[in-house]
Amino acid sequence: MDLCNLSVIKTLMSDAGITFRKEYGQNFLTNRIIPEDIADNCTENPESLIIEIGPGIGCLTAELASRYRKVVAIEIDRGLIPILDKTLAEFDNVTVINEDVMKIDLCRLVEEYSDGMPVSVCANLPYYITTPILMYLLESGVKFSSITVMVQNEVAARLAAKPGSSDYGAITAILGYYGTVKKLFKVSAGCFVPAPKVDSAVVRIDLYKEPLYTPKDEKLFRNTIKAAFEMRRKTLQNALSAKLGYSKELISAAILDIGESENVRGERLSTEDFVKLSDYLSEHKN
Ligand code: SAM
């Protein structure tokens, strides 16, 4: 069964008595090369456990199941479960869980299913909740090898941006704390049903096995990044003194200490710069 064929998708859904649910960000792939390419590129290790978020009717799930040892797919929409039972029936290495991914204890899930396997995430994410899901995965405490996600093209540009570019933002700087990000390929809006308004892109995040940076005060490190980008038009010095409550003199000294000029803006700073900046503030705050 070609799960990217438009009439197959429509027949499966009408037989199950359901329609596309916009509130769940349901845009299903209709070009079978795309799930094949995503599955090919999400990890190099066939012995992996893959966690998929939002299998839909299972087009990517089937590609993952035929390449990797085990797939656990988490789908919020109860109406899709009978369809997945049918479309994934030939695979004995897939478990479908009917749940909101944001309510799942990922550490427990991985403990239950990984059996020592390396764990990766692979998903065509619902766009209404892309960043919260990414942060939920990164902050879950699970040591994922990689996270490969399809997101809106402009979000992909932000995730993979370099310091100094207009796309660089808080999410980019935070991602740099967890791993390296690579944009793999673009997918046009015409490859989905219903077609979204914008194009998409696939991004792969390779997580550091051991932390590359160890900020002295992790909360302050995160707050420094948040503050730097909340007031984008202000200089870093003004943004940080307004939001973090430290004196301008201390912040100015911290900025000079990392080798930047007083009037620098937040988007010029790499993740490492933010670690050094927050370390300086943490050491000199009293
Ligand atoms: N994987 C399919 C594909 O590529 O054609 C469907 C992708 S569609 C963009 C997103 C999927 O995520 C939908 O099946 C939707 O029901 C599901 N979804 C939305 N919010 C979710 C959540 N919070 N937890 C789990 N699944 C969710």
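Biologist: Which residues in α3 are buried?

Modeller: This is a predicted model, where local features need pLDDT of at least 70, side-chain atom pairs count only at pLDDT 80 or more, and totals for chains, interfaces and linings use all residues. Residues are numbered from 1 along each chain as its sequence is written, and side-chain values use heavy atoms, leaving out hydrogens and water. Buried means under 20% relative accessible area, exposed over 50%, and partly exposed in between (1.4 Å probe, protein chains only). In α3, the buried residues are C59, L60, T61, A62, E63, L64 and A65.

Biologist: How many salt bridges does a search of the whole structure find?

Modeller: Side chains of opposite charge can pair when their charged atoms come close. A salt bridge is a side-chain nitrogen of Lys or Arg within 4 Å of a carboxyl oxygen of Asp or Glu. The search of the whole structure finds 15.

Biologist: How many residues apart in sequence are the parts that E44 and R204 tie together?

Modeller: The side chains of E44 and R204 meet in a salt bridge, 2.9 Å from N to O. Helices (H or I, at least four residues) and strands (E, at least two) are DSSP runs, numbered from the N terminus. E44 lies in the loop between α2 and β2 and R204 in strand β9, residues 200–207, so the separation of the parts they tie together, in residues, is 160.

Biologist: Is R204 buried or exposed?

Modeller: R204 also forms a salt bridge with D206, their closest N and O atoms being 3.0 Å apart. The relative accessibility of R204 is 10%, so R204 counts as buried.
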